[in-house]
Amino acid sequence: MMPLALIPAGAAALGTALLDDRPGAALLLSLKVGLGMALWAGLWHLGMGLLAGSGRLETLAASPAHALAVNAALAVAACLVPGLVLALTARPAPLGPVHGLAWFCGLILPLLGQGGNWPVPSLLLAALCAGLAMVLGGLAGRGR
Amino acid sequence: MKALAILLALLPLTLCPAPLMADWTRTGLEFHEQTPPPDPVVDRTRVATQQARRCAGSSIRFGDTAAMRGGVQADWDDQTRTLAAIAAMADSYDTASEALAATEEDGATLDSLSVLTALQFGQPVSVPTEGLAGPMLADRLFWQAMTQVPSATTATWANDILPALDAAFQADPSSFQVRAWRVIAWLQAQGFQRASCPARIADFADRLLDLSEASACPLMLGHVTHGIDRALESRPETDPDATRAAWRHFGEALLATVAGAPEVASWRGAQLTRSPDPCAPLMASELQALLRPEAAR
Amino acid sequence: MSETDDTAALDLSIAFFSAVLMLFAFVAFQLARTPRPEPAVSLSQPDIARPVQPPTWAAVAERGSWSVYDGTRLTVLDMDAITAGMRDVLNAYDGDDGYQTLTLHDGADPRSFSLRLSFRPDALPAPWQGEVLAPGPDAPCPETPRRLLRSYVAADVADVTPLTAYLARCGLTFAPLPLRDPGESGRVTVQIGLGPGSYAAEAIFR
């Protein structure tokens, strides 16, 4: 799935590059957002490993609501650092949220959904993370 | 959010390797609960073995007597063979029985031939079973059961015919007719079954898998299901007995799974969801479990 | 760049991106693959032309009478004459219009045999003719000992419905056996027999 992630990101980058008379900034934005998403996914994975290894899940019953809470908390916690990094290195460029959504679809969305089952909690989680991705992309595109 | 508080508290902690609780499992970037798979009722290994063998032959034989199936070794002189051929060709019982009586040789094989000839001509005959073992005994038990079929009630099917066929199967596992009629007899006797649903499904599935062990070929199993329909004088969809119809749907779906026709099996499984039989949901879930690894291959 | 160019480029890029995103959404889902089944080897009956056991749907084969139909006449065979010829080869009919030959095979079952009959469908040898009837709405019914009638139907018979209607009226079951075209001698040859290979097609009940 990972190589396919380049397709929407490339499309977004290309599309916005067509729009603006500063294609370089758009491409740079796309790259930064992509790296930010990758960092988010990596921290999320790290958080999962820590949580699984610590055995703290014993205190929680394995119901869908609790699972959604844990996943959402992990997602939010993991996106704080990338968000901060992107906000600090922001350069003005258009359509940041679109780039965020594209890279989210490529890097993180394939790993959600319980292997293709997509029950309702997974859908909610994906919607939440899509929103977070667009926020991150917007942060990266807001200029000083 | 209790979960968030726990999470923020444990982030500084170092990693202590510990196994994940059985209830929680990870898929990609998601935690979710893991439903434990139910114990399989249908024998998965047998189904997989037969699916792998497909149309390869087996040790099961199709003859109507033990001698035709190769279960007994014998040699006959020309006169006996001629008389037996005359008995096979004749169209009146008197000619056939006279021919068989005129043979100078003797033995259990010729006795079985006399019994079979009488049955073929529709003559009432008693089928002795004393002093026999193995394939010969299996034939006699089978014919004994078949003489009871025309006037059998459900009680007869359950208490007399089905045990006789099971004993015949024990005596000669290579006889295909016995395996086929074990399935038909079970369906006829299913109103008398009193065991739990998993036990009944396992029993019926074992009989079906015994039957398809002859060959899990689509042509063969289509022939078998048509034969069952002729014996029960209805299709599963037109069976007046709704519970028996559910079992027949399950039987045809299992045979279709073994023969490599998953679309037929899933259609039959869908028919099961509309059945009033109490065992139908377990049958449907077993079929789905059997079809899932097939689809993933 | 002018305003309109900006808008056009934006529309184009967003449309392009949306299309690619939709494509990606489809691709991102697991595609279930149904395996293509291999073509199955059929279990054909290895011994052809051995129909001595009629293919009735019964656990024990039902016996039948034998006859030949040439389009207008139904000749019921007299099995006593044929079996007399099997018993003693000197009594076996052998002539220009037909003959019979019995071959005995080795096997554990004494019924392993092969009987070859050669005859003209419209003029059977006289000893073999049991009854000669003309199937029709008012014709008398055959006096056969059995309710099942295995009929050899000549190759040039296009329509057997008169025969089937006649037999249904008489309460007989019609089991057809098609014949090939006669050879140069005008005769057809059929082989009736039994052996271990005869059972595969009627496998369910043997």
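Reply: Two residues are taken to be in contact if their C-beta atoms, placed from the backbone, lie within 7 Å. The model is predicted, so that local features need pLDDT of at least 70 and side-chain atom pairs count only at pLDDT 80 or more, while totals for chains, interfaces and linings use all residues. Residues are numbered from 1 along each chain as its sequence is written, and chains are lettered from A and ligands numbered from 1 in the order in which they are written.

Of the contacts in chain B with a separation of 6 or more, 65% join residues 24 or more positions apart. Chain B holds 13 helices and two strands; these are DSSP runs, helices being H or I with at least four residues and strands E with at least two, numbered from the N terminus. Among its 297 residues, 46% are buried, that is, 20 or more other C-beta atoms lie within 10 Å of their own, with C-beta atoms placed from the backbone.

The contact between chain B and chain C draws on 50 residues of chain B and 42 residues of chain C. On the chain B side, two or more residues each come from α3 (78-89), α5 (108-120), α6 (134-148), α8 (176-188) and α10 (218-232). α3(B) provides the largest share, nine residues. By type, this side of chain B comprises 29 nonpolar, 14 polar and seven charged residues. Here Ala, Val, Leu, Ile, Met, Phe, Trp, Tyr, Cys and Pro count as nonpolar, Asp, Glu, Lys and Arg as charged, and the others, Gly among them, as polar.

Methods:
A residue is buried if 20 or more other C-beta atoms lie within 10 Å of its own, exposed if 12 or fewer, and partly exposed in between; C-beta atoms are placed from the backbone.
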